[in-house]
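Me: I'd like to go through this model and ask what stands behind each label. Can you put it up first?

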Amino acid sequence: MDIIKKFGEIVGDKALEDPEKARKLLLTGYRLQDKRLGFFPDKRLPASGRYVARVVMENIIQALAKPEEAALVSIFVPGELLMAAGMTPYSVETMSCFLAGTKCQQVFLDQMEEAGFPETMCSYHRVFLGAALAGLVPKPKCTIYTNLACDGNMMTFPYLKEKYGVPGFYIDVPYEKNQESIQYVAHQLRDLKKFLEDVNKKKISKEDLKEVVAKSNQGAAYYQRQISLRKDHDPVSTLTNDLYGMFMCHLLAGSEESLEYTRLLYKDVKKAPRGEGPRILWMHMMPLFQEAVIDIFNYSSYIHIGACDFVADGFRLMEEADPYEALAGKMVHSIYNGSIKERIQYNWDLAKEIDADGGLLFAHWGCKNIIGASSLVKNALEERGLATMVLDGDGCDPANTSDGQVSTRLQAYLEMLEEKRKEN
Ligand code: SF4
């Protein structure tokens with residue numbers, strides 16, 4: 001019997017009749033898992049992987065157990081400000097990944113379908129909205145979102161702000177990457193600081209903010225140092241483990257935990273041997289629950305993901321002179337903002353830096369950000385000589401993806417990479 005599936009079904013069913021009880025049950029499960037990670041860490045993973053698994057688990061537990069101290073944010077909201085405010089940030093994507101990992105997402109997807117939400121809407125948002133409307137995810141202290149990268153936010157956040165009746169804040173990031181845009185965003189971030197002080201009834205000192213931005217920058221420096229080693233070092237990892245980096249560079253940026261993660265990662269990469277098989281540059285999200293992909297990448301000592309553009313871009317070094325301008329610069333210059341040409345160039349440079357054999361872009365079902373960009377990225381990288389595959393799938397809704405098809409396409413792509421490696 002699949003215990004997680006059974007547990008997920010119980011949580012899902014309970015969520016519809018008694019969401020409080022369902023949340024308690026879910027929390028009990030997550031706390032047990034946290035204890036298990038503490039007593040029996042996954043020895044197949046290096047120290048950074050074991051560490052980050054607990055940090056993210058504890059972040060979710062905290063968000064569910066103490067919603068009065070938590071802020072629901074979209075992934076590109078600068079975590080540094082939340083760290084300085086002493087709040088717990090969590091995102092739509094993180095929570096949905098955990099619910100999908102607990103296998104209770106189906107009931108929320110069904111609920112959203114019944115409520116008339118289109119199936120073409122990103123499943124991370126549908127699962128989250130379903131769980132929030134059912135009451136499984138409790139009302140946070142506030143919501144903060146931005147237009148950066150994700151169009152799903154533009155619907156989910158205003159809708160939830162209304163439903164929850166909590167204060168909300170929106171950060172508008174202009175398309176143009178110039179000083180004017182940075183000043184415009186920095187101005188909004190100064191207002192965000194005041195907003196956080198108001199909702200949290202606690203001042204954020206200039207020194208505290210400077211300190212978290214400096215810490216965030218130290219983490220980015222460690223991260224970039226380990227990237228520069230990747231061409232000769234391939235640590236064992238899992239998709240989940242790699243994706244956790246996304247929470248470290250955005251939601252928890254500037255925290256001691258994020259800094260410690262990058263320190264450990266740097267050490268792990270430094271001592272990892274070079275792998276024998278292909279090295280991949282991964283682009284965008286990762287399908288954490290797609291068996292066909294997991295079977296190939298998780299714990300493999302042969303094939304490796306050398307870097308993920310989402311995470312590498314998130315650990316961007318900042319000018320620290322003014323913390324608001326530093327954070328604004330990180331948002332404005334994100335590869336998910338502005339022209340696709342810059343994102344292509346970034347990925348090409350990253351592929352060269354890690355000496356990637358191929359690129360793999362995961363096109364998550366319903367993500368408008370990637371639908372338009374995927375063929376442009378693929379064609380441009382292939383023209384420059386990087387064999388690139390667009391892998392269609394769904395990171396959260398198994399109904400939108402087929403393991404058989406994914407497996408066949410992925411195997412054919414990897415065989416092609418092997419052939420190329422032999423030729424070279
Ligand atoms: S996959 Fe796309 S639509 Fe979904 S949360 Fe991520 S950026 Fe937004």
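Me: What should I know about the model and the numbering?

Reply: This is a predicted model: local features need pLDDT of at least 70, side-chain atom pairs count only at pLDDT 80 or more, and totals for chains, interfaces and linings use all residues. Residues are numbered from 1 along each chain as its sequence is written, and side-chain values use heavy atoms, with hydrogens and water left out.

Me: What makes a space a pocket, and what makes it a cavity?

Reply: Both come from a 1 Å grid over the protein atoms alone: in a cavity a 1.4 Å probe fits but cannot get out, while a pocket is an open set with protein on both sides within 12 Å along at least five of seven lines. The largest pocket holds about 1,500 Å³ of space, where a volume is the space filled by probe spheres set on the points, joined across faces, edges and corners.

Me: How do you know which residues line the largest pocket?

Reply: A lining residue has an atom within 4 Å of a point. For the largest pocket that gives 46 residues, and Ile4, Gly101, Thr102, Thr240 and Phe289 lie nearest its centre. Helix 2 (19-39) is one of the helices that supply at least two lining residues, and helix 2 gives the largest share, six residues. Helices here are DSSP runs of H or I with at least four residues, strands are runs of E with at least two, and both are numbered from the N terminus.

Me: Why is part of that lining called nonpolar?

Reply: Because Ala, Val, Leu, Ile, Met, Phe, Trp, Tyr, Cys and Pro count as nonpolar, Asp, Glu, Lys and Arg as charged, and the others, Gly among them, as polar. The pocket lining then splits into 23 nonpolar, 14 polar and nine charged residues.

Me: What puts a residue in the shell around the ligand?

Reply: One of its heavy atoms has to lie within 4 Å of the molecule. Glu93, Cys122, Tyr124, His125, Cys150, His284, His364 and Cys367 surround the ligand. By class they are four nonpolar, three polar and one charged.

Me: How many cavities are there, and what lines the largest?

Reply: There are four cavities of 30 Å³ or more. The largest has about 200 Å³ of space and 19 lining residues, with Arg230, Ser237, Asp242, Tyr261 and Leu265 nearest its centre. Strand 6 brings the largest share of that lining, four residues.

Me: Why is strand 6 called an edge strand?

Reply: The open sheet has four strands in the order 6-5-7-8, with parallel pairing. Strand 6 (304-308) and strand 8 (387-393) each have a single partner strand, so one side of each has no neighbour in the sheet. Neighbouring strands are turned by 30° against each other on average, direction ignored.

Notes. Pairing = 2+ DSSP bridges. Axes fitted to C-alpha atoms, helices over the stretch in contact; angles between N-to-C directions.
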